[in-house]
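Hi everyone, thanks for coming. I'd like to walk you through one model today, so let me put it on the screen.

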Amino acid sequence: MSSTVTETETKSCDLVTFKAQTYGDWRDEFHKNGCVVIPNVISPERAQYYCDKQIEWLKKFDLGFDEKDESTWTAEHLPISFKGGMYFAYSAPHEKMAWEARTEPAVIEIFEKLWGEKELLCSFDGMNISPPRRKDISWSPWPHCDQNQNRKGMQAVQGLLNYAPNGSDDGGLVLMKGSSLLFNEFFSQKRQSFCHEDAPPPELEYMDLFLFSDKDVEWFKEKGCSLIKVNMNPGDLVLWDSRTMHYAKLPEGDQIRHVQYICMTPKRFASESDLKLKKECFDKWLGTTHWPHCNIRPAKEKPMRNGVVCPKDRDEPFEKPELNDTVLRLAGVKDY
Ligand SMILES: [Fe+2]
C-alpha cells in the first residue's frame, strides 16, 4: 500500500500538485473551471438498467409507490430521503446497483485519469431518485460547497453518474462554474456559514458543508463565475471539485431524476484510522459522506417517519453487492 497521510496534514496542505499542462481531453476543462460533463460514460441501455433498478428498489419498501401514478409520488409512499430524493439510509449506499455503478470500468478509468494513479478509494455515498412536481415538499436553492475552508487545494472531486435525461425543467445539478478556483480568496475573509429554514439537518454537518448566502452567490458572480444548471443525457458523468458551489434543482418537468453520486480519491490520502473506520462502515453496510478518504462518519442516523424510526428501516441492502476484488479495494477493505 502507498504511504498514508495524517488527518492534520490533510487539513493543511494541498494533496496533489497538477503541473501546468495540456491534456487534450476533458481534464483541460475540469482544471480550467473546476467542473466538467463527460458524455456517454455508460451506454443508454446501461443507464436504463440503473433507472429500472432504482424504481424496483423504491417498490421493495411496499409503501405503494408506483412510478406511473403521480398520486403516489409523496413521502408516505416513499422511503425517507433528503431534499426530495437523496437516499443515504436503509443501506442504500451498499446496494448492488450502487457498487455496480462505482465499478463500471469507464467510471473507474475517469477517476484514475483525473488523479493520475490507480489505487483509489470510493465514497459510500447515496443515490438520488426524485419524482418531479412533488406537492408535499417545498424547495429552495441551498448553494453550498462540501469542503470546509481549512482544507486547502483540491482534496476531493465529486461525481454524479446520470441515468435519466434531464433538461432545464428537470431536476439536476446546479454549479457555480469557476467557484472552486476562488475558494481561498473567498475564505481569506472571515465567513460565516449561512443557515436558513432549508438548511440541512445537524446530522449532515459532518459533510464539511458550507452554506452560502445570496450575498455570497453575488460575490462569486461579480468575480466572473456563472451559475449553470447542468443538463445531461443518460450515461453522462459530471465531475466537480468539492470547493465548487453547488446544489440540486428539484425536478419540475415530467422526468424522474435518477442519479448515483460517486467520488473517488487516492487511497494514500487516507489515514490508517480512517481506513479502519471505513472498513467498519462497509462491514455494517453503513453509508458515509461523499469523502472517500476522510470524514468517514458512519451514517448511523435512523430514517425518521412522523417522529419515530421508519418501520421500513433496514441494516442491509436488499441486494448485496458482489464482493469482488474491485469492490473490496475501492471500499478500502482489501490492499492493492
Ligand atoms: Fe453537495
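Let's start with helix 3: the cover over its buried residues includes helix 4 (96-102), strand 4 and strand 12 (257-266). Before I go on, please keep in mind that this is a predicted model.

So which residues of helix 3 are buried? They are Ala47, Tyr50, Gln54, Trp57 and Leu58. If you look down the axis of helix 3, those buried residues fall within an arc of 100°, so they line one face of the helix. As for its dimensions, helix 3 covers residues 44-59, which makes 16 residues. From first C-alpha to last, helix 3 reaches 23 Å, close to the 22 Å expected at 1.5 Å a residue.

Now let's zoom out to the chain. There are nine helices and 14 strands in the chain. Along the principal axes, its C-alpha atoms fill a box of roughly 55 × 45 × 40 Å. For those of you who like a scaling check: a compact globule with 336 residues would have a radius of gyration near 20 Å, and the chain agrees, because its value is 19 Å. Of those 336 residues, 42% count as buried. And what about sequence separation? Taking contacts between residues at least 6 apart in sequence, 84% join residues at least 24 apart.

On to the core. The largest nonpolar core holds 77 residues, and the members that touch the most other members are Leu161, Leu237, Val238, Leu239 and Ile262. Let me pick out Leu161. Leaving aside residues up to four places away in sequence, Leu161 touches Val41, Ala101, Val107, Leu237, Val259, Gln260 and Ile262.

Arg133 has a positive phi of about 55°, although Arg133 is not a glycine. Where does Arg133 sit? Its place is in the loop between strand 4 (127-130) and strand 5 (144-145). Asn295 is another non-glycine residue with a positive phi, near 55°. You'll find Asn295 in the loop between helix 8 (272-283) and strand 13 (304-305).

Are these two buried or exposed? Arg133 has 12 other C-beta atoms within 10 Å, so Arg133 is exposed. Asn295 counts as buried, because Asn295 has 21 C-beta neighbours inside 10 Å.

Note on methods. Residues are numbered from 1 along each chain as its sequence is written. This is a predicted model: local features need pLDDT of at least 70, side-chain atom pairs count only at pLDDT 80 or more; totals for chains, interfaces and linings use all residues. A nonpolar core is a set of buried Ala, Val, Leu, Ile, Met, Phe, Trp, Tyr and Cys residues joined through C-beta atoms within 7 Å. A residue is buried if 20 or more other C-beta atoms lie within 10 Å of its own, exposed if 12 or fewer, and partly exposed in between; C-beta atoms are placed from the backbone. Two residues are in contact if their C-beta atoms, placed from the backbone, lie within 7 Å. Helices (H or I, at least four residues) and strands (E, at least two) are DSSP runs, numbered from the N terminus. The radius of gyration is taken over C-alpha atoms; the globule rule is 2.2 Å times the number of residues to the power 0.38. The expected span of a helix is 1.5 Å times one less than its number of residues. The arc is that of the directions from the helix axis to the C-beta atoms.
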